[in-house]
Amino acid sequence: MSDMQAILIRGGRVIDPYRQIDSHDEDVWVVEGRVAKAPPTGADVMEVDARGLWVLPRLIDMHVHFRDPGQTWKETIETGSRAAAHGGIGAVATMPNTVPVTDTPELVEWVKNRGEAVGLVRIFPIGAVTVGSQGEELADLFRLKQAGARAFSDDGLPVASSRMMRAALTYSRDLERVIINHAEDRSLTDGASVHEGLAAHRLGLPAAPETAEAMMVWRDVLLAGLTGGWLHLAHVSARESLEALSYARQHQYRVTAEAAPHHLLLNDEALLRWQYDSVTKVNPPLRPESSRQALLKALKQGLVNVVASDHAPHHLDEKALPYVQAPFGISGLETILSALITALIEPGLMTALDAWALMTTGPDQVLGLHSQGLAEGEPADLTLINPTRKWQVDPAAFYSLGHNTPLAGMKLTGQAVATMVGGRWTMREGEVAYAGLSEIS
Amino acid sequence: MPSAWRKKESAINNLLGLEGVDRLFLESLLEEAAGMKRDIVGKSRKKSTALKGRAFVNLFFEPSTRTRTSFELAGKYLGADVVNVQGKGSSVEKGETVYDTALNIQAMQVDGLVVRHPASGVPAQLQAYLDIPVINGGDGFHEHPTQGLLDLFTVWEARQSLRDCHLVIVGDILHSRVARSDLWGFLAMGAHVTLVAPAIWLPTEIRETGLEMTSNLDNVLAAADVVQVLRIQKERRSMRGMPSVEEYRARWGITEERAQRLKQDALILHPGPQNRGVEIDSAVMAQKASKIWDQVENGVAVRMAVLRQLMGGSHE
């Protein structure tokens, strides 16, 4: 047997929301894939100079679409994992709107196993709420949980029926797994491509008001109250959705919510810049500035406790269709970390410690992961960030197969320079390690 | 940004919409259209060699009578060769994308493309792929710039000036590409515009100097110099929010009774095709104030001017 290897990350600013630590004086030791207090005697020590860098515990993006199985020309578990590593992300929760829909224990296991085989990012599969996400019959939530589903969602589609949502939320309490709903009243959004605002009216694009989202958010919040169930609101973007969330908080309902980075950085004026390029087409759509400001405020107040990318890669040919025909979605895994810094930390809206909670303790709580951050004995999942590096988003440099993003060409602040999962580097200086590292410890 | 989407740097002019075009450009088109009408369209033998040796294609993904025919005639009066391609019966039905169709047509060395498509923005998107001028023949709810130009021309011809002219557009404004082109064109020429529609069809987010919106037609009739009556577009989701044809006619239809309340010299326009007895009465169409047939004739002259400006540059 070879000598024991130890890694020492020295000189960085350790920001650990799990332990509420923001310190320049903490060295991080990694021994045998875990965070350690000190190396065993005689260990071979590799020292990483982290001066000027931030050291963060595993960053979680709890809303991604890896399109696998079924739509592997858009993304695969492998390319999605590489995109995650490149973006500084150590764990993702994958949405079940695959083809077929991830609504059986076998498919949940397959996604999990495939993720482990690729070995670049921890994958927490989300199972469907209803069979085929058709909204008509509850999926076998108990067995999905047994197979490893960390949450349930029909994302891409709302759980339209109130009766079905009630049943799912009732189950969530029993199973201790959250229901994530994509809130959208489809009778109000039918045919719409964009938010009903100035850009829609100028460009002549079919549009829907943000009320379409808020109406269902209110319904879901009331049902969470009725059932005592566990609700997570995917990608909230409407002002009235935040009011509903505030109501839920006042009544101590078990409701959490996430915001997507594109809603933090852009408003619907982006459509006037991009015109009919469907990179701006996303659901929920880019909202007016007043909604964006309300969302930023809700993050600052702690009302919204997660930032998640809603990483939705599409093929260029699909995104090149006429705007109204092109699919919804933005490829977001490789910009989320920088977007969070640029939107929240750099302008001083939130402290680094509070902001990083949105991608650590926030999603950890929603998914029920119970990790302890960079505490001794925990798996060595961490990200090193250069917090001041300015860079211009160039989708051609993405590892994701999806190059669709309206952040293209934008200057962002801060970039991941290294990602570690289970004590192994999955990315260093922008270079992603080859897939097939074998099992993550 | 995917390379296909990078805006090409090019000196070629397109006509994608009237939003943002300047007054001088509009005036030059109107002057040229007047010349076309006087010297060619109005003559018994319509002969010009301005576009001799030039060829362009009308690529239409939606039905059209006036626009397609007048583009075709406009091209022929100027000596160009014109080919019509329709979505139906073309390779589009075999699954070809609109971009590939357009690229194939360009590869046949044509000098321009007129595009009509039911989706807003398609001409603008195509323009990024092509090296030849693209003329928007109407896209979704967005714009119909040559319709806007022929409306401008018709009013300009009748009144000699557009400055301070008060245009009232009545109909489904929200889903109307004609309304948008008229709006930007008339505002650019110094006119005032009032949009009149059932409240759910008003694009309330657009705010411009000289622009007003209301649902009450009767309040604005007496102050109108021009009334543009839009067709009720039943095929375009626009019936949503509209209770009945009878109510529409009662509140927003240009009936004989309403036409009588207009100024003596007010003009009535309609881009066609008309739903007689709904948005406009037959008796009103027959009145002297109605310029519907002038619009159609002027459509040819205006399109000649556009074609000449975009494709009439020096050869070789």
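User: How far apart are the centres of the positive and negative side chains in chain A?

Analyst: Let's first settle what gets counted: Lys and Arg are positive, Asp and Glu are negative, and His and the chain ends are not counted. Each charge is placed at NZ of Lys, CZ of Arg, CG of Asp or CD of Glu. Chain A has 38 positive and 53 negative side chains, and the distance between the centres of the two sets is 3 Å.

User: What kind of model am I looking at?

Analyst: Residues are numbered from 1 along each chain as its sequence is written, while chains are lettered from A and ligands numbered from 1 in the order in which they are written. Side-chain values use heavy atoms, leaving out hydrogens and water; local features need pLDDT of at least 70, side-chain atom pairs count only at pLDDT 80 or more, and totals for chains, interfaces and linings use all residues, as this is a predicted model.

User: How does the radius of gyration of chain A sit against the globule rule?

Analyst: Start with the parts: chain A has 15 helices and 21 strands (DSSP runs numbered from the N terminus, with helices being H or I of at least four residues and strands E of at least two). The radius of gyration, taken over C-alpha atoms, is compared with a rule of 2.2 Å times the number of residues to the power 0.38. For 441 residues the rule gives 22 Å, so chain A is as compact as a globular protein of that length, with a radius of gyration of 21 Å.

User: And what is that radius for chain B?

Analyst: Chain B is built with eleven helices and nine strands. A compact globule of 316 residues would have a radius of gyration near 20 Å, and chain B agrees with that at 19 Å.

User: How much of helix α1 of chain A is buried?

Analyst: A residue is buried when its relative accessible area is under 20%, exposed when over 50%, and partly exposed in between (1.4 Å probe, protein chains only). The buried residues of α1(A) include A:Ile77, A:Arg82 and A:His86, and the buried set packs against elements including α2 (105-118) and β19 (411-421) of chain A. The helix is largely enclosed by the rest of the structure, because the buried count among its ten residues is nine.

User: Is A:Ile341 buried or exposed?

Analyst: You'll find A:Ile341 in helix α13 (residues 336-345) of chain A. Beyond its neighbours within four places in sequence, its contacts include A:Trp54, A:Trp356 and A:Ile385. With a relative accessible area of 1%, A:Ile341 is buried.

User: What about B:Val57, buried or exposed?

Analyst: B:Val57 is part of strand β1 (residues 55-60) of chain B. Leaving aside neighbours within four places in sequence, it touches residues including B:Val83, B:Ile105 and B:Leu113. Its relative accessibility is 5%, so B:Val57 counts as buried.

User: Where is the proline of the cis peptide bond between A:Asp68 and A:Pro69?

Analyst: The bond joining A:Asp68 and A:Pro69 is cis, with omega about 10°. In chain A, A:Pro69 lies in the loop between β8 (60-64) and α1.

User: Is A:Gln20 buried or exposed?

Analyst: A:Gln20 has a phi near 55°, a positive value in a residue other than glycine. A:Gln20 lies in the loop between β2 (13-16) and β3 (21-23) of chain A. At 53% relative accessibility, A:Gln20 counts as exposed.

Terms used
Contact = heavy atoms within 4.5 Å.
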